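Keep the viewer open as you go, try each task yourself, and then follow the solution step by step.

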Amino acid sequence: MISRTTRKNLLGGHLVAWGYALIIIGPMFWILSNSFKRQIDILMGNTFSTPILTNYETLLFSRQSDFLMNLWNSAMIGVVSTVIVLVIATLAAFTIIRLEPPKWATALLLGWALVFHMLPTLTFVGSWYVMFSNMGLHGTYTALILTHVLHALPQTMFLMVGFLLNIPRELIQAARMDGCSYGQVFRRIVVPLSFGGMAAAGALAFIQSWSDFAISLNLSDQDTMTAPVAIATFAQEHQIRYGEMAAASVMSMIPALILILLGQRYVVRGLMAGAVK
Amino acid sequence: MKQTKTFLLGSVASAMLVAGPASAEEIRILINQSPWLNGFVAMVEEYEDQTDNTIELDVTPFGGMLEKTRNSVRGDDGRYDIVALNAAGMAEFYAGGFLKPLTEIDAEFALDENVLTFGGSTGWNFDTNGFSADGDLLGVPINGNVQVLYYRTDLYDEAGLTPPETWDDLMANAKALADDNTYGFIPRASRDSILYNFTSYLFSHGGSFFADPSGGDYSVTIASPEGLKALETYIALGNEAGPPNPGAIAQAELIQLMSTGRAAHAIAVVAAYPVLNDPNSSIVAGKVGTALIPAAEGEEHASAAGHWVAAIPKNVTGEKQDAALDFLNWFLSKKQQLFYVQSGGIPVRKDLSDSAGDNPSFAFLPAFSENASVSRMNMPLPQGSQISDAISLFLNQAVIGELTPTEALNKSADEMHRILTEAGYTLAEPSKL
Amino acid sequence: MATNSTRRRNALWRIGSLLPASLLLVALSIYPVFNLVGLSLSDVEWIDGRAHSEFIGFANFDQLFRHETVYWAGVRNTIIFAICAVTAQMIFGFSMALAARRASGVTRAVLTAVFLLPIVMPPIVIGAMWRLLLGRDFGAVNTLLGYVGIGPIDFLGNPDIALASVILVDIWHWTPFVFLLMLTGLESLDQEVFEAAKFDVRSPWQELRYVTIPLMVPTILITLGLRLVLSFKVFDEVYLLTGGGPGTSTEVINFSIYRTFFAQDRLGVGSAMSLLTLVAVAVLIVVVNLWIRKRRSKSQEATS
């Protein structure tokens with residue numbers, strides 16, 4: 001039985017939720033519609049105009065644009081670096097909070113990660129350019145993936161530390177009493193119980209890689225150029241080409257959205273796995 | 001993907017068309033994405049057709065050009081055989097000694113007298129540490145972007161006006177055309193653009209930034225009666241004939257207001273011409289004319305250079321440098337420059353107007369040539385970007401009313417003097433108001 | 001009991017699990033960070049294509065304190081920015097998470113996907129598009145306000161409200177970050193606690209105040225910390241939206257660093273700015289941490 005106040009609150013909650021949704025969807029819809037408009041219609045702020053496909057055509061078929069390739073590069077770099085960073089950050093987080101490594105090791109690792117996280121990325125890219133050029137790795141996926149992993153590492157590590165703190169200490173102690181090795185504890189208890197956290201931290205790491213401009217600009221070449229760098233070419237010295245930019249953002253948001261929906265599945269499945277325990 | 005890489009089975013006949021050694025070297029060019037890129041790409045393809053050389057373009061967002069150029073020329077082995085440098089960045093690369101003097105690649109090489117140098121910006125004098133057409137030849141212009149005055153020809157015809165000769169004329173015309181739906185004039189007064197926009201005002205009022213930059217005297221002269229007059233004119237045009245809050249108008253807003261028919265005049269780069277006259281991006285296409293930027297009564301006209309040069313770094317092989325110079329030499333010829341304009345480029349020669357005929361894509365050439373001939377570099381020294389950041393703020397604060405024009409110029413003078421003295425220049429005391 | 005081999009494997013595990021993260025940090029971040037420190041203490045000049053670096057002690061910091069007035073305007077704005085934007089993001093993000101959690105099935109999936117859209121957008125597009133949306137003459141926001149008889153408001157041109165406009169865009173952009181973490185935190189809470197507390201709380205507000213929020217404290221703190229650090233590094237919004245103007249009204253620290261370090265190529269002063277900011281934020285974090293610990297131990301004393 002639902003009381004009247006609960007119902008009122010539920011209704012209130014829905015109103016709040018859809019209110020937020022509206023604030024987000026409004027500009028998104030506006031961008032979507034801009035991707036089908038001429039520059040002048042966008043500049044005039046015209047709500048309705050005959051839809052055109054020129055922006056998408058320029059993006060996909062013009063000889064100066066290779067957007068599908070850029071998207072593929074972004075996806076490839078984003079997915080690989082997310083998987084790597086999730087694995088190494090979760091491993092480190094588990095050891096840090098549950099296996100009592102020496103205090104100095106924890107302090108050094110987390111402290112340095114924090115220092116690195118706080119400094120602006122743009123002050124590093126020059127050094128990375130020199131390092132990767134000397135190694136002959138400039139313009140390769142390897143260089144981009146490594147730097148993207150590093151870039152996302154501090155945040156992912158802090159998040160995983162936070163999420164793993166929610167796993168009851170007793171559970172892990174019990175497993176260890178049963179004779180499980182640390183590796184077994186990690187695989188059988190920590191990973192299933194932190195699927196939700198991993199999905200969230202992974203989504204954020206992926207988005208960070210997906211949006212990165214500064215690193216990708218400096219370490220990529222024409223073959224490994226990522227979508228944000230390609231999109232930035234529409235903000236030109238004398239003109240912002242809003243139509244093409246809108247089309248490019250629509251096309252770059254679709255793959256990311258798919259990832260989010262998949263991630264959602266993971267959250268749910270992870271929770272179910274947790275509930276079964 | 002290679003953007004324009006067309007592998008050519010060059011025939012013997014086409015190879016013989018080019019003067020000089022026809023080497024089959026592939027060169028790589030770093031260039032920014034822009035509306036004039038189509039013209040440049042057309043030129044590159046034409047060159048590949050005529051010779052058996054190949055050119056690979058690395059097309060980069062404008063916002064990333066500086067970093068990529070620095071990365072390449074500072075290393076031991078450069079990635080690019082030709083780099084494109086814009087007016088604001090030239091001094092840094094010239095002064096840093098990254099570029100190969102073109103006469104060291106080919107002792108015979110010289111610029112044709114009809115090639116514009118935009119205030120001597122093709123060369124660098126390492127003694128005075130400033131631009132000089134007589135110094136080491138380090139770059140050749142590849143995009144002749146300068147500022148011009150834009151005006152609405154239809155409104156002019158209606159009101160029976162003629163293009164302004166002086167700043168007072170411009171003010172009168174702007175006020176005459178202003179109404180509820182039209183701003184008379186749009187200044188480009190946001191912090192990142194104001195110095196460039198203000199430059200032609202300063203020079204054409206007889207003012208200057210430095211005492212004698214080409215002679216190596218960088219004593220600061222911005223805070224002069226002429227400078228004050230220039231800044232007052234700048235602010236008055238914005239306040240009396242412009243939109244509210246001109247201090248936030250950057251290039252994007254300026255072009256938006258012009259192309260939507262909301263403005264009667266603006267001073268902006270000639271690169272905006274195709275944008276303002278394309279029906280897909282402008283409702284006033286065909287109604288926007290160009291003219292020489294006004295000057296104060298009895299003073300000389302001036303425009304600010306906003307062009308690009310191509311330069312050849314020292315850290316690539318001699319063969320690449322030869323091949324790169326061959327391309328640039330070809331690029332500058334009159335015949336190719338006409339083709340460049342037709343393909344959407346902005347030319348770098350002043351002798352094209354007579355060959356233009358009635359072709360509408362050449363309509364901007366007369367005003368372009370006039371402005372380009374009087375265009376000057378505003379910050380002809382390596383500390384230019386630091387100075388321009390500092391004084392842009394003061395000028396912008398004068399526009400939004402946080403400083404009086406006198407305060408803004410005095411502060412600018414002090415700051416310029418401090419920056420240059422700390423950098424080791426010996427200067428006379430700055431002039432003050 | 002653990003056997004010898006298990007013990008040895010466990011020892012290996014402890015080292016091995018920390019190794020990848022540590023190696024990566026050592027290999028790729030030590031050089032850039034120390035390089036930055038080195039740059040902040042030197043003056044680099046390029047002569048004949050070669051870098052000439054001279055050690056000049058703290059002269060760059062001296063320069064920063066005495067002459068870089070724009071940076072200090074940026075410090076003030078960044079503090080205002082961080083406090084306002086992060087507070088709003090935490091409140092909105094948390095309430096969105098509560099709302100999404102209450103919804104069920106398809107509604108919830110749709111809501112979640114929609115709520116996440118803004119952080120998926122390329123940052124450069126956020127700046128360009130909001131500049132257009134907030135424009136005075138043609139912006140859609142002013143068009144809408146016009147229907148209800150307000151405006152036009154010059155969101156980005158009026159120096160008095162430009163910073164507020166940038167903050168609004170940042171809230172729009174980054175609230176999903178908080179939302180995602182809060183939703184994950186809420187979902188990982190033990191449902192039994194809520195069942196048990198059912199009879200003690202009289203309203204959802206009480207449940208929120210006495211059950212949900214206390215349980216969410218760890219997640220809230222981590223999210224808050226990450227958001228604070230990120231908002232001290234804000235750049236994308238300002239870069240295309242206002243360029244720091246009009247005047248210095250929207251100048252922020254990272255934009256000063258960008259202009260000094262990149263546009264002006266003054267590596268020394270630019271590095272000094274980054275390091276000074278780093279130290280200030282680090283001190284802030286330590287102080288806040290100590291304060292939280294003190295409060296927590298006090299409240300534990302009070303309850304025991």
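Two residues are in contact if their C-beta atoms, placed from the backbone, lie within 7 Å. Please remember throughout that this is a predicted model.

**Exercise 1. Find C:M121, list its contacts beyond four places in sequence, and decide whether this residue is buried or exposed.**

Step 1. Look in chain C, in the loop between helix 4 (105-120) and helix 5 (123-133); C:M121 is found there.

Step 2. Leave aside the neighbours within four places in sequence. C:M121 is then in contact with A:S249 and A:M253 from chain A, and with C:I126 from chain C.

Step 3. Now count neighbours. A residue is buried if 20 or more other C-beta atoms lie within 10 Å of its own. C:M121 has 24 C-beta neighbours inside 10 Å, so it counts as buried.

Step 4. For a sense of distance, pick C:R76: it is 45 residues from C:M121 in sequence, and the two C-alpha atoms are 28 Å apart in space.

**Exercise 2. Describe the contact between chain A and chain C: how many residues does each chain give?**

Step 1. Chain A brings 83 residues to the contact and chain C brings 76 residues.

Step 2. On the side of chain A that touches chain C, helix 1 (residues 4-34) of chain A gives the most, with 14 residues.

Step 3. Sort that side of chain A by class: you get 62 nonpolar residues, 21 polar ones and no charged ones.

**Exercise 3. Explore the largest nonpolar core: which residues touch the most other members?**

Step 1. The core has 306 residues, and those touching the most other members are A:A89, A:A92, A:M157, B:M258 and C:A128.

**Exercise 4. Work out how the two domains of chain B meet.**

Step 1. The C-alpha centres of domain 1 and domain 2 of chain B lie 30 Å apart.

Step 2. In the contact, 14 residues of domain 1 of chain B face 14 residues of domain 2 of chain B.

Step 3. On the side of domain 1 of chain B that touches domain 2 of chain B, helix 4 of chain B supplies the largest share, three residues. By class, this side of domain 1 of chain B has seven nonpolar, six polar and one charged residues.

**Exercise 5. Why can chain B be called as compact as a globular protein of its length?**

Step 1. Start with the parts: chain B has 16 helices and 15 strands.

Step 2. The radius of gyration of chain B is 22 Å, close to the 22 Å that the globule rule gives for 433 residues, so chain B is as compact as a globular protein of that length.

Step 3. Of the 433 residues of chain B, 59% count as buried, and the C-alpha trace of chain B spans about 65 × 55 × 35 Å along its principal axes.

**Exercise 6. Check an annotated stretch of chain A, residues 75-97.**

Step 1. The unreviewed UniProt entry annotates several stretches of chain A as "transmembrane region", including residues 75-97 and 109-131.

Step 2. Residues 75-97 of chain A are 100% helix and 0% strand, with the end C-alpha atoms 32 Å apart.

Step 3. Residues 109-131 of chain A are 74% helix and 0% strand, with the end C-alpha atoms 22 Å apart.

Key
Residues are numbered from 1 along each chain as its sequence is written. Chains are lettered from A and ligands numbered from 1 in the order in which they are written. This is a predicted model: local features need pLDDT of at least 70, side-chain atom pairs count only at pLDDT 80 or more; totals for chains, interfaces and linings use all residues. Helices (H or I, at least four residues) and strands (E, at least two) are DSSP runs, numbered from the N terminus. Ala, Val, Leu, Ile, Met, Phe, Trp, Tyr, Cys and Pro count as nonpolar, Asp, Glu, Lys and Arg as charged, and the others, Gly among them, as polar. A nonpolar core is a set of buried Ala, Val, Leu, Ile, Met, Phe, Trp, Tyr and Cys residues joined through C-beta atoms within 7 Å. A residue is buried if 20 or more other C-beta atoms lie within 10 Å of its own, exposed if 12 or fewer, and partly exposed in between; C-beta atoms are placed from the backbone. Domain bounds come from an automatic or database domain assignment. The radius of gyration is taken over C-alpha atoms; the globule rule is 2.2 Å times the number of residues to the power 0.38. UniProt positions are given in the numbering used here, feature names are shortened, and annotations may be inferred rather than shown by experiment.
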